[in-house]
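Subject: Structure handover

Hello,

Here is the structure I promised to pass on. Please open it alongside this note and follow along.

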Amino acid sequence: MSRRLKNLKKIRIHHEGTHLLIVSFLLLLLINAAFFFGFKCKIPFYIIAVASVVFYCLLVNFFRCPIRLFGGDTEKIVVAPADGKIVVIEEVNEQEYFHDNRLMVSIFMSVLNVHVNWHPVDGTIKKVEHHNGRFMKAWLPKASTENERSTIVIETPEGVEIMARQIAGAMARRIVTYAEVGEECFIDEHLGFIKFGSRVDVYLPLGTEICVKMGQLTTGNQTVIAKLK
C-alpha cells in the first residue's frame, strides 16, 4: 500500500475544507458573541445560535471524508467516482478526446453528498485538462460539455482508456483535480474534490457491461458501475 494511500486513510475532514471551517467557526463565534452581549433580550441570540449550529454542521457534513477501501478485485472493474445518483446512462458521441461513440454514466451529487471524488479504475493518467465554462444546473445535458469542467483520461493495465469528467454546477464554483499526467492511479485514491454539489461523468468503451440503473444511488469507491470487456 502506498504511503499516499495510508495518509488518505487517516483523513476525517477533507483538507479542502479546513480553512473554510476554521474561518466560519471564528466568524460565527463573533456573531453569536455580538448578539449575546449586545441585546438584553436573549431571544435573537438563541435564534442565531441555533441557526449557526445548523449551518456549521452542514459545512462539516459537506467536507467529511469517509475512510473507504474497495474490498474486491479491481481488474476490469469501474467503480463510482462519487457519491450521488445515476442521472444518465446513454451512448454519446464524445468529441473532446475519443472522437467516437462511448457509453456515458453520469452521477449527480447534491449538497448533502460526500464531495470527494475517487479514481474509477486502476491505471495510468494519460491526460488532465481544465476547461473554463458556464455554471448551468449540473443535471442539464449541455452541462457535460458547456459547464466549467476537468477532464481526466486513464489507461487501465489492460490498455483500455476511460475518461472521467468533473463538472461544475450552479452552486459548485470550484473543481479541484489531484490527478497528474504520467502518474499511476488506483481506485482507493482521491481523484479530486468538487465544492457544493455537481456531477461526474464516466465515458466507457461500447460493449462495456453497465452494472447500475437510472436513479440508483451510488457510493464513491464502493459501487461497481461497470465491468470492462
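Below is what was found in it, taken element by element.

**Overall**

Please keep in mind that this is a predicted model. The protein chain holds 4 helices and 14 strands. It has 229 residues, and 47% of them count as buried. Take the contacts between residues at least 6 apart in sequence: 72% of these join residues at least 24 apart.

**Helix 2**

Start with helix 2, which covers residues 18–38. It has 21 residues. From first C-alpha to last, helix 2 reaches 30 Å, close to the 30 Å expected at 1.5 Å a residue.

Which residues of helix 2 are buried? They are L21, S24, L28 and N32. These four lie on the same side of helix 2, because they cover an arc of only 65 degrees around the axis. The general rule behind such a pattern is simple. An α-helix has 3.6 residues a turn, so residues three or four places apart point the same way.

What do the buried residues of helix 2 pack against? Their partner is helix 3, residues 43–62.

For a landmark, find I89: it stands opposite V105 in strand 3.

Go on past strand 3 and you come to H115. It sits in the loop between strand 3 and strand 4 (116–118). Is H115 buried or exposed? H115 counts as buried, because its relative accessibility is 0% and the cut-off for buried is under 20%. The side chain of H115 also has a polar atom 2.6 Å from the backbone oxygen of N113.

Strand 12 pairs with strand 14 (residues 224–227) over 2 bridges, in the antiparallel sense.

Where is it? C211 is in the loop between strand 12 and strand 13. It counts as partly exposed, because its relative accessibility is 29%. Leave aside its neighbours within four places in sequence, and C211 is in contact with Q216, V224, I225, A226 and K227. C211 and V78 are 133 residues apart along the chain, yet their C-alpha atoms are separated by 9.4 Å.

**Salt bridges**

Last, the charged pairs. How many salt bridges does the structure hold? There are 8.

- R102 and D100: the side chains meet at 3.0 Å, N to O. R102 is buried, with a relative accessible area of 12%. D100 is partly exposed, with a relative accessible area of 28%.
- K127 and E129: the closest N and O atoms are 3.1 Å apart. K127 counts as buried, at 18% relative accessibility. E129 is partly exposed, with a relative accessible area of 33%.
- R199 and D201: the closest N and O atoms are 2.8 Å apart. R199 and D201 are both buried.

Through them, E94, E96, R149 and R165 are joined into one network.

**Where to look first**

Then go to H115, in its loop between strand 3 and strand 4. Finish with the network of E94, E96, R149 and R165.

Best wishes

Definitions and conventions
Residues are numbered from 1 along each chain as its sequence is written. This is a predicted model: local features need pLDDT of at least 70, side-chain atom pairs count only at pLDDT 80 or more; totals for chains, interfaces and linings use all residues. Side-chain values use heavy atoms; hydrogens and water are left out. The expected span of a helix is 1.5 Å times one less than its number of residues. Buried means under 20% relative accessible area, exposed over 50%, partly exposed in between (1.4 Å probe, protein chains only). The arc is that of the directions from the helix axis to the C-beta atoms. Contact means heavy atoms within 4.5 Å. Two strands pair if DSSP finds at least two bridges between them. A polar contact is a pair of N or O atoms within 3.5 Å; within protein, one must be able to donate a hydrogen and the other to accept it, and residues adjacent in sequence count only if both atoms are side-chain atoms. A salt bridge is a side-chain nitrogen of Lys or Arg within 4 Å of a carboxyl oxygen of Asp or Glu.
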